[in-house]
Amino acid sequence: MSRSGSDRAPAGPAPRFAVVGNPDNRRVTLFADAVRAAGLPAPRVVPWERVLRADGAEFAADETVRLDSPGENPEVDRLLRGVQDPTRVEGSALWYARFTEAVRGLRGGVRLDDADELAVLFDKRRCHAALAAADVPVPPSPTSGPGAVRVTGWDDVRAVMRDHRMPRLFVKLAHGSSASGVLAVEAAGGGRVRVTTSVELTPDGRLFNSLEVRRYERERDVAAIVDTLAPDGLHLERWLPKASQRGRAADLRVVVVAGRATHAVVRTSASPLTNLHLGGSRGDLDAARDAVEAAGARWADVLAVCERAAACFPRTLCVGVDLLPAVGWRRFAVGEVNAFGDLLPRLTGLPGSGAEGLDTYAAQVAAVLRRTADPSHPHHQHHAHSHSHRTGSTHVSA
């Protein structure tokens, strides 16, 4: 475990940071602010656009390299997904292939993100299987692990609902993020279905990401959406009934830095999609902790589930864990683990986390400084190998 942020580390050579990101993005700005606040020179910023056009980038052996999200940049999105309109949903499989190739084209430096682990984190099927193999509680899924079902279209989803007795499930893009392409599907009786999603289906059959959550009840519309998304790869999960807060569905985003849960927010929504950019809002974390303890569980055990999930990715400094509380706030499952799940502006660390008073970026800088001061520390020492209302399909925030 990391030492407390208040521990005084012995003097040593200060790290030189570099970050691969989109220079004008708030993520890069917030990280650079945290680096400067620690008394270090501003990080060298290497734009994703340059990396993609040059087939890689070089880093000095003593540079500590952070990868940040390539999202929220139309030109980078075009280079990755091959679509002209960033609000289109399609293209996530190509995004995944080009992104993982670009990561492997980064050479040199001390990496805070591992290429192999990123390839798992950005494939929901592989990530789910890795978590399940480590006995991390996850929603049942027929599309991950041994004997995984291949989904080629809506007929396969219908078969899963029948054969696996899943009248309510989530259909997700295997390589999607920020709820892009996510459908909450439920049997509505009489063979009918009802779907809640942010996908906008146009009359000519095109799919767009929207900031408006909508409902589809005509099966031909649902089939058109799923059949269009299927070539990019789909992941199916049982829809677990979630706990509520003030009458709204609730889950948690927990940030884990250097193996320790440091930050958490409750996200609530009137719809099954709690993402903040889709109308979700931050809930009351103290009330959630009280509900856990009133149910006879321990808050420390809740955070431990997130740390167990993060431990599946030991060479990645920071991940954001989406934790799903079951009705009653006593049981929890991990919905997803996000490589770029730390965009929680102005949120400071949990009591006892070692990150009190630090935002998510400052906590990561502090973790690197502790590691630099103690090179024998086993955590995250990884040297890279040389090898409208519409919204873009980007890998962005909680």
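Contact here means that heavy atoms lie within 4.5 Å. With that in hand, welcome to a predicted model, in which local features need pLDDT of at least 70 and side-chain atom pairs count only at pLDDT 80 or more, while totals for chains, interfaces and linings use all residues. Residues are numbered from 1 along each chain as its sequence is written, and side-chain values use heavy atoms, with hydrogens and water left out.

**The nonpolar cores**

- A nonpolar core is a set of buried Ala, Val, Leu, Ile, Met, Phe, Trp, Tyr and Cys residues joined through side-chain atoms within 4.5 Å; buried means under 20% relative accessible area, using a 1.4 Å probe and protein chains only.
- The largest nonpolar core has 59 residues, and V20, W48, L131, L252, V334 and V337 touch the most other members.
- Helix α10 (residues 299-310) gives the most to this core, contributing seven residues; helices are DSSP runs of H or I with at least four residues, strands are E runs with at least two, and both are numbered from the N terminus.
- Which residues does L252 contact, leaving aside its neighbours within four places in sequence? Its partners are V265, V266, L285, W299, V321, D322, L323, P325, W329 and F332.
- Another core, of 26 residues, lies apart from it and includes M166, L183, V185 and V193.

**Helix α7**

- Within α7 (residues 154-163), the buried residues are W154, V157, A159, V160 and M161.
- These buried residues pack against β5 (168-173), β6 (183-189), β7 (192-201), α8 (219-229) and β9 (234-238).
- After α7 comes R165, which has a positive phi, near 50°.

**A buried arginine**

- You will find R253 in strand β11 (residues 248-257).
- Is R253 buried or exposed? R253 counts as buried because its relative accessibility is 3%.
- The side chains of R253 and D322 are joined by a polar contact of 2.5 Å. Such a contact is a pair of N or O atoms within 3.5 Å; within protein, one must be able to donate a hydrogen and the other to accept it, and residues adjacent in sequence count only if both atoms are side-chain atoms.
- A polar atom of the R253 side chain also lies 3.2 Å from the backbone oxygen of G341.

**Cysteines**

- How many disulfides (pairs of cysteine sulfur atoms within 2.5 Å) does the structure hold? There are zero.
- C318 is in no disulfide either, as its nearest cysteine sulfur, that of C306, is 12 Å away.
- C127 is buried, with a relative accessible area of 4%, and C318 is buried at 6%.

Key
Buried < 20%, exposed > 50% of the residue type's maximum accessible area, 1.4 Å probe, protein only. Disulfide = S-S within 2.5 Å.
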